[in-house]
Amino acid sequence: MQLEQPTQVEQSTQESGWSGTVPSAVDARILGLVVVVGGLAASVNIPYGGVPTALAAFAVLVGGGVGAHVLGERRLRRITDGLVERWVDAGAHIEDVTRSSDGMRTEWTVHTPDGEIRIGGLALVPISRFSVEWQGVGDTMDASEAEENLDALAKGLYAEFFDIGSATQRS
């Protein structure tokens, strides 16, 4: 009986620790907030249209809120994946990308030998915000702006985190 040898791709994935994908981060707390707000808003309709109107309003509001969160999460995940891919292509060593949570923010932690980089933001599509934090210093911008300027953003953050950051940690 002969054991299977891992392929080259599997070996490089095992060495780096990062699987090449950013984990999903649909947040139950945000979905809970959507349900509560939808329930409160729908309850206003009871005196005017009765229970059927309130139930219809609840379904529409919750459906729209869940859709807005899922689309916002997908946008933030695309930005995170794009940044990490560009950093790896530029020579950064990424150990792993894990999901983390802080308050009502959707976040991922990028583990590097130089420290952790937290990427995330508010995942509701019309008002999505992107934020990045490294060594206690952070920056926030509109998610659509980050997505449009992803190459320039990745290049600037790479210089700050990996070129400048690793040089200051050595001294």
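1. Helices here are DSSP runs of H or I with at least four residues, strands are runs of E with at least two, and both are numbered from the N terminus. Q135 counts as partly exposed because its relative accessible area is 49%; the cut-offs are under 20% for buried, over 50% for exposed and partly exposed in between (1.4 Å probe, protein chains only).

2. A word on what you're looking at. This is a predicted model, in which local features need pLDDT of at least 70 and side-chain atom pairs count only at pLDDT 80 or more, while totals for chains, interfaces and linings use all residues. Residues are numbered from 1 along each chain as its sequence is written, and side-chain values use heavy atoms, with hydrogens and water left out.

3. On confidence: pLDDT is the predictor's confidence in each residue, from 0 to 100. The chain averages 81, and 82% of the residues score at least 70. By element, the highest mean pLDDT belongs to helix α4 (residues 143–148) at 93, and the lowest to helix α1 (residues 8–16) at 40. Over residues 1–15 pLDDT stays under 50, and the model has three contacts there beyond four places in sequence (contact means heavy atoms within 4.5 Å).

4. Now the overall layout. The chain has five helices and five strands, running α-α-α-β-β-β-β-β-α-α from the N terminus on. Of the contacts with a separation of 6 or more, 56% are between residues 24 or more positions apart. Buried residues make up 33% of the 171 in the chain.

5. Which residues does E73 contact, leaving aside neighbours within four places in sequence? They are S24, A25, V26, T106, W108 and A123. E73 itself lies in helix α3 (residues 46–90), and it counts as buried because its relative accessibility is 2%.

6. Not counting residues up to four places away in sequence, L150 touches I79, G82, L83 and R86. The C-alpha atoms of L150 and I79 are separated by 7.2 Å, although the two are 71 residues apart along the chain.

7. Last, the surface. The chain exposes about 9800 Å², with carbon and sulfur atoms supplying 57% of it; accessible areas come from the Shrake-Rupley method with a 1.4 Å probe, and for residues only the protein chains shown count as cover.
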